[in-house]
Amino acid sequence: MSARAEATASIDVVVVGGGPAGLTAATYLGRFLRSCLVIDAGDSRARWIPESNNCPGFPSGVSGVELLRRLHAQAVEFGARFDAAEVRTISGSADQAGGFLLDDGTRSWRARCVILATGLADKLPDVPWVADAVACGAIRLCSVCDAYEARDSCIGVYGPARDIGAHGLFLRAYSQRVYLLPDDDTDGGEDMRAAIDAGVRVLAPGGRLEFDGERCRYASSDGSPVVFDSIYPFLGSLTGTRFAAAAGAKLSDTGEIIVDRHQMTGVPGLFAIGDVVSGLNQISVAVGQAAIAATRAHAMLPFVPRGANGA
Ligand SMILES: Cc1cc2nc3c(=O)[nH]c(=O)nc-3n(C[C@H](O)[C@H](O)[C@H](O)COP(=O)(O)OP(=O)(O)OC[C@H]3O[C@@H](n4cnc5c(N)ncnc54)[C@H](O)[C@@H]3O)c2cc1C
């Protein structure tokens, strides 16, 4: 007998990814009385959030872990099932008789529709203390999310010279003490010049980032180290979208999945939501896209009239 498990009987919708986007889609699908399986590798970007204060409905803030716990409980409440796995391949389409086939190398699943909610991973400074620094806010990864909390503090913006100017200018609206910390000595271009004109200072490139357990400092060769309340690294991100492209989805130059106004890729029945799609990587955007995709998937699935006693 083969060790390989056969594909499950077809599920209405498989959601790949169990972050805010995927969990919200699962709640909607359960409430549309559709069968839904969430396949999740368990590494949501939201787990890094020490406290979010722009997440709708949490005026006193909420940690990423607590938000995920609540979203998971809500999806379970409405019937979602979960498998811990990392999907490696997807093939098929809603137009084909067998729908979609998903595979993680040892197991496979069949689904009539698929929603990809696989997020992205931030590229972080290559230092062993980075997780501790994010946890205490010494390193921040999303200025739209938490520049408000950093206002009037000493803020560093770290990354390639050509990328950090615009972020520095954005943060200058929140503090008089904003410094650019280039990790290379290339020309920072118009963005950097605009930041400098607005009062942002630039430290010598190629300095060392250090962390004392509470705050970071940047030690450059041309002066004494500057201690920062927060440093925002802007080093880019990675999206694991190769398998989506292999399934027929089109990608942007930066690796995000391209979708239509219903969040559907060019493959009928294959949707994408959240950070894997959006230019604005925010929880509120992810959950809005989840509602749109789940509602469209429901409309594409066969109509099922309700029988007596819910049968
Ligand atoms: C430090 C920090 C602070 C932030 N603060 C805020 C904030 O205050 N407000 C705000 O709105 N946003 C904030 N964000 C951004 C927010 O976390 C993201 O926008 C949000 O998590 C996106 O949700 P998502 O479901 O699209 O992706 P994610 O939350 O990243 O979830 C994707 C899931 O898919 C899984 N996955 C990936 N590939 C596969 C695969 N092949 N098979 C199975 N599973 C897979 C991953 O393991 C993960 O569990 C912050 C981010 C960071 C890092």
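Modeller: Start with one contact. An oxygen atom of the ligand sits 3.4 Å from a polar backbone atom of Asn281. Keep in mind that this is a predicted model.

Biologist: How much of the ligand's 1,000 Å² does the protein bury?

Modeller: Taken alone, the ligand exposes 1,000 Å², and the protein buries 95% of that.

Biologist: Which polar backbone atom is 2.9 Å from an oxygen atom of the ligand?

Modeller: One of Arg45. The ligand also has a nitrogen atom to check: a backbone N or O atom of Ala41 is 3.0 Å from that nitrogen.

Biologist: How many residues surround the ligand?

Modeller: Count those with a heavy atom within 4 Å. Here there are 34, and Asp40, Asp43, Ser44, Asn54 and Ile283 are the closest. By class, the shell has 16 nonpolar, twelve polar and six charged residues. Both α1 (20-31) and β2 (36-40) supply at least two residues of this shell.

Biologist: Why does the ligand lie between domain 1 and domain 2?

Modeller: Because domain 1 (11-121 + 236-310) and domain 2 (124-233) both give residues to the shell around the ligand.

Biologist: Now pockets. What does rolling a probe over the atoms show?

Modeller: A probe the size of a water molecule shows where empty space is left. In this model, the second largest pocket has a volume of about 700 Å³. Its lining has 27 residues, with Leu141, His167, Phe234, Ser237 and Asn281 nearest the centre.

Biologist: Which helix gives the largest share of that lining?

Modeller: α5, with five residues. α4 (143-146) and α5 (161-172) each supply at least two. The lining of the second largest pocket splits into twelve nonpolar, nine polar and six charged residues.

Biologist: Where does the second largest pocket lie relative to the domains?

Modeller: Between domain 1 and domain 2, because both give residues to its lining.

Technical notes:
Residues numbered from 1 in each chain as written. Predicted model: local features only at pLDDT ≥ 70, side-chain atom pairs only at ≥ 80, totals over all residues. Heavy atoms only, no water. Polar contact = N/O pair within 3.5 Å; in protein donor to acceptor, adjacent residues only side chain to side chain. Areas by Shrake-Rupley, 256 points an atom, 1.4 Å probe, with all protein chains shown as cover. Helix = DSSP H or I, 4+ residues; strand = E, 2+ residues; numbered from the N terminus. Nonpolar A, V, L, I, M, F, W, Y, C, P; charged D, E, K, R; others polar. Domains from an automatic or database assignment. 1 Å grid on protein atoms, 1.4 Å probe; cavity = no way out; pocket = protein on both sides within 12 Å on 5 of 7 lines; lining within 4 Å. Points joined across faces, edges and corners; volume = space filled by probe spheres on them.
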